[in-house]
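Colleague: I have some questions about the terms used for this model. Please take me through them.
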Amino acid sequence: MRIDVNWDRCAGNGLCEFETDKYFEVHDDGTLDVQQWEVDGGDEQQVRRAVAACPTEALSLIE
Ligand code: SF4
């Protein structure tokens, strides 16, 4: 499973990082960095929570 970002939709509010800072880091200027695109086995639930937490639906998962 892989993370996909619609960059036009990202508002830089950091809610994804709040769910898992292993995968997402949002800088003070609101720039999002994806730390790791491929989701490790066992991390599926926390990454799904981060995707669900994004209020602008900028995140999705490619199975
Ligand atoms: S939760 Fe969504 S809008 Fe907020 S930083 Fe993460 S990807 Fe961007």
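Modeller: Contact means heavy atoms within 4.5 Å. By that rule, Asp43 touches Lys22 and Tyr23, leaving out residues up to four places away in sequence. The model is predicted: local features need pLDDT of at least 70, side-chain atom pairs count only at pLDDT 80 or more, and totals for chains, interfaces and linings use all residues. Residues are numbered from 1 along each chain as its sequence is written, and side-chain values use heavy atoms, with hydrogens and water left out.

Colleague: Why is Asp43 called buried?

Modeller: Buried means under 20% relative accessible area, exposed over 50%, partly exposed in between (1.4 Å probe, protein chains only). Asp43 has 11%, so Asp43 is buried.

Colleague: What makes Lys22 and Asp43 a salt bridge?

Modeller: A salt bridge needs a side-chain nitrogen of Lys or Arg within 4 Å of a carboxyl oxygen of Asp or Glu. The closest N and O atoms of Lys22 and Asp43 are 2.6 Å apart. The pair links distant parts of the chain, 21 residues apart. Lys22 is partly exposed, because its relative accessibility is 36%.

Colleague: How do you know that Arg48 and Glu63 form a salt bridge?

Modeller: Their closest N and O atoms are 3.2 Å apart, and the limit is 4 Å.

Colleague: Why is Glu63 called exposed?

Modeller: Its relative accessible area is 70%, and exposed means over 50%. Arg48 has 36%, so Arg48 counts as partly exposed.

Colleague: How many salt bridges does the structure hold?

Modeller: Seven. One of them joins Glu19 and Arg49, at 3.5 Å from N to O.

Terms used. Helix = DSSP H or I, 4+ residues; strand = E, 2+ residues; numbered from the N terminus.
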